[in-house]
Amino acid sequence: MTAQKRDDIKIGGNKILVLYKDLRKQYGKPEGQWTLWCKRPKTKLEKEKVIIGTILTQRTNWRNVELSFELMRKIGLKSLKDIYNLGGKNFNKFVQAIKPSGFYKIKAKYLFGVAEFFTKRKGEIRRDDLLNLKGVGKETADSILLYALEKPVFVIDEYTRRLVEKKKLAKNLSYDYLQRLFEKNIPRNWRLYQDFHALIVIDGKNKN
DNA sequence: ACCCAGGTGGCCC
DNA sequence: GGGCCACATGGG
């Protein structure tokens with residue numbers, strides 16, 4: 001790591017925690033204010049819905065993802081295992097169901113791979129395992145780890161970058177750097193990470 | 001008719 | 001490591 005990077009992380013210290021407190025003061029508890037991820041999914045089915053949602057919402061409005069969930073529900077697709085067990089003809093129904101979410105052909109393939117992984121996988125799930133899946137990049141992997149598996153991994157997205165830029169908290173806006181910046185300057189706690197990230201998104205959607 | 005939305009993989013240099 | 005492009009829909 002360069003001296004510049006160390007310096008930024010050091011400088012970020014107070015500012016990062018202050019940012020959280022400010023957002024928390026302005027918006028209150030994020031729970032329930034933004035998609036189902038904020039509801040702290042409890043059941044296995046709810047957690048799997050989060051996992052499916054991380055793929056469907058890539059470059060896509062959450063509203064469209066909800067349309068897809070509704071179509072999936074109508075054809076009886078509730079779990080990752082349901083997706084993994086689809087036969088050829090029914091797989092095409094699944095492809096049509098996720099159509100509203102855009103990039104639907106490729107997302108269908110991605111979701112099948114993800115469903116296969118989670119259906120077969122026994123034991124601890126590592127970040128690298130997720131990153132090896134097609135369609136799962138850093139943000140998606142970390143969203144799954146944080147929101148579905150409740151691991152203390154800070155998620156970086158476009159909203160985070162815009163806010164960091166706006167508040168001039170860092171010049172380097174790369175994924176790895178921003179993740180270190182946040183993780184090194186706030187307590188390592190998945191509930192805090194979820195709330196903080198959710199507040200960043202809520203703030204980003206709040207045009208002002 | 002534009003523009004946008006929690007990205008990612010495959011190239012290329 | 002970074003730049004560019006394809007991937008596609010529904011709503012403003």
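**Reading helix packing, domains and DNA surfaces**

Modeller: Let's start with a contact: Tyr159, Thr160, Arg162 and Leu163 of α9 meet Ile200, Val201, Asp203 and Gly204 of α11. Two residues are in contact if their C-beta atoms, placed from the backbone, lie within 7 Å. Helices are DSSP runs (H or I, at least four residues), numbered from the N terminus. This is a predicted model, where local features need pLDDT of at least 70 and side-chain atom pairs count only at pLDDT 80 or more, while totals for chains, interfaces and linings use all residues. Residues are numbered from 1 along each chain as its sequence is written, and chains are lettered from A and ligands numbered from 1 in the order in which they are written.

Biologist: How do the axes of α9 and α11 cross?

Modeller: Two packed helices are described by the angle between their axes and the distance between the axes. Axes are lines fitted to C-alpha atoms, for helices over the stretch in contact, with angles from 0 to 180 degrees between N-to-C directions. In this model, the axes of α9 (residues 158-166) and α11 come within 9 Å and cross at roughly 75 degrees. The two helices are therefore roughly perpendicular to each other (65 to 115 degrees; under 35 is roughly parallel, over 145 roughly antiparallel, and the rest oblique).

Biologist: Which domains does chain A have?

Modeller: Domain bounds come from an automatic or database domain assignment. For chain A, the assignment gives domain 1 (3-34 + 153-205) and domain 2 (40-148). Their contact takes 9 residues from domain 1 and 8 residues from domain 2. Helix α11 (residues 190-205) gives the largest share of the domain 1 side, 3 residues.

Biologist: Which residues are closest to DNA strand B?

Modeller: A residue is near a strand if its C-beta atom, placed from the backbone, lies within 6 Å of it. DNA strand B is surrounded by 24 residues, and the closest are Gln58, Gly137, Glu139, Thr140 and Asp157. Helix α8 (138-148) gives the most to this surface, with 4 residues.

Biologist: And which residues come nearest to DNA strand C?

Modeller: Of the 14 residues around DNA strand C, those are Pro100, Gly102, Phe103, Lys105 and Ile106. By class, this surface has 5 nonpolar, 5 polar and 4 charged residues.

Note on methods
Ala, Val, Leu, Ile, Met, Phe, Trp, Tyr, Cys and Pro count as nonpolar, Asp, Glu, Lys and Arg as charged, and the others, Gly among them, as polar.
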